[in-house]
Amino acid sequence: MKNVLLTSALIAVLAGCASTDTQKPADVTEAKPVAPSVEPTPQEKPPTVAVPPKSTVTGDPLDPYNPASMLNKQRSVYFDYDSTAVKDEYKPLVTAHARYLTSNRAQKIVIEGNTDERGSREYNIALGQRRADSVKQMMTLLGVQEGQIETISFGEEKPRAKGHDESAFSENRRSDIRYAGDKP
Amino acid sequence: MHNKKPLYIRLFLLLWLASISIAHAQLKIEITGFGSSQLPIAIAPLKGEEALPQKVTEVVAADLARSGVFKIIDSGGVNPLPAEPADVQYPVWKTRGANALVIGSVTPTASGNWDVRFRLMDVLKESQLTGFAYQVSTAQLRGTAHKIADAIYEKLTGDVGVFSTRITYITKNGTRFELQVADADGYGAQTVLASNEPIISPAWAPDGTRLAYVSFERKKPIVYVQSLVNGQRTVAANFKGSNSAPAWSPDGRRLAVVLTKDGNSQIYLMNADGSNVTRLTNSSTIDTEPNFSPDGQYVIFTSDRGGSPQIYRVAVGGGAPERLTFDGSYNVSPRYAPDGKSFVFIQRTGGGRFSVVTQTFASKQPQSLTENGVDESPTFAPNGRMILYATEVKGRGILAAVSSDGRVRQRLSMEAGDVREPAWGPLNRSQ
């Protein structure tokens, strides 16, 4: 929902990558049509609202340290209540980061698992860990090396949304991807 | 449902609460339930006590009232105050309904200290039950009062008193987290660690001189052990992944911790300095929240190996864990009772509510003690009579306590901010 545009753009970029040289993902300088080539998922808003003109001509630098890149902007994978499964809508995001990491073996990430505030703090640490691990597992299946990823958990201790309603809970059921070179 | 209090008790509590909030803007205790049968006890002011900055008998009466097992009988208007057994006019106290009476005196010593004497009298038998004398400094008056309350409690109930013990908990004010240690009545709170990152899961070493806890100050959960004697701390567990849920072995030499260094959250045993790490559980699921049995032979823990989080028990030497809870789909945070015969845990009930529940190993029957709905982190008093836990009132985190029979209830709240993650310390060995 919140990531309609970027997810759409991502899918487009990935489609582009898949047909070009995957070893040089950061070299995608040719313009890529973003939304028009991709059907939005049915429940989402129409693509005409979502596409900013600029992105249709610049493409994505696919650099986690470049604020213009989806690898910089899309770092969060959201989960259902009591679930640690990566939902389909976040698989393109995880795949994109995995591609970057397989192409940049020196790069390391920390995946930080989070939960909503309900239940035991320590059990939530373990639940958040499992959420981080499920993102890691998908990445390693895509070829990222174990040594590139550390998974940790904040449990319910560092909520991004401070509220106590379902919208806050769903925002906090999340794994974040942090690159080792990110500014603190 | 337990609010039928005589007026004088209510007045007494009112005065007592007022004095607490003036004296200290820290944890404030409110009693919200009493035991079914209460021992009527009168506590006469100690002769000479009016010279003290802190009246000893006020603290004694507050301790005994807070336990829920005493009914404090009015001791006002008795003149002269009885300081020795020969001074006691028993018919007066019998008429007031007191079965027991505390008398005594306070006199300054030549060295600038105080000589505090008390006697516990049996009003019906007109005889002394116990009595002690202490030479203490002004700073030790509260502690002395707690010791007197412990002596009275032990004599009249047969149980060990816990008024001289301490508690630890985490406070959160904005983005500031503090690990604090306070007396069991909430007084004398001291911050032993302050951080802008979360702190959770403090656990007392059995001798009360160290705390283990989890701090996120280095952007991931790491287990530390900190001395309360000199403030020094060491990293006990900082492996790749998450390090959490420390628990002490009863001899204080070992820790059980939860690590993810080999993958999923599993329970490991290690020396308290972090050496000699061995894996205790072997599942492909979550195993967490370990807690040692008082005899050190078992660890109870939370695991979702059966599809939902439930309580299990495993021998410290390893082997197949035994499932202990079957009622409900979310049972977490187990802690042994000090006698090892039962354990307390948190159960999620209908409507997503969380209650404090106890269960004996013999009966396997869960008994729910609270209905607040948002209860967490239960911890037994070292005499097993009370359970301290975290809950919420009007969106604020507070601590609450309930007796193990569910009748006596207290709340401990702060003026501002949240209080959570309580752990009740061990008995004071110097007693």
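**Domains, sheet and chain contacts**

Chain B is divided into domain 1 (38-157) and domain 2 (166-424), with bounds taken from an automatic or database domain assignment. The structure is a predicted model, in which local features need pLDDT of at least 70, side-chain atom pairs count only at pLDDT 80 or more, and totals for chains, interfaces and linings use all residues. Residues are numbered from 1 along each chain as its sequence is written, while chains are lettered from A and ligands numbered from 1 in the order in which they are written.

The centres of domain 1 and domain 2 of chain B, taken over C-alpha atoms, are separated by 36 Å. Five residues of domain 1 of chain B are in contact with six residues of domain 2 of chain B, contact meaning that the C-beta atoms, placed from the backbone, lie within 7 Å. On the domain 1 side, helix H2 (residues 56-67) of chain B gives the most, with three residues. Helices (H or I, at least four residues) and strands (E, at least two) are DSSP runs numbered from the N terminus.

Chain B also contains an open antiparallel sheet of four strands in the order E14-E15-E16-E17, where strands pair if DSSP finds at least two bridges between them. Strand E14 (243-248) and strand E17 (278-279) of chain B are the edge strands, each pairing on one side only. Strands E15 (residues 254-259) and E16 (residues 266-271) of chain B are joined over six bridges in the antiparallel sense, and Val258(B) stands opposite Ile267(B) in E16(B).

Between the chains, 18 residues of chain A are in contact with 27 residues of chain B. The largest share of the chain A side, eight residues, comes from H6(A).

Notes
Contact = placed C-beta atoms within 7 Å.
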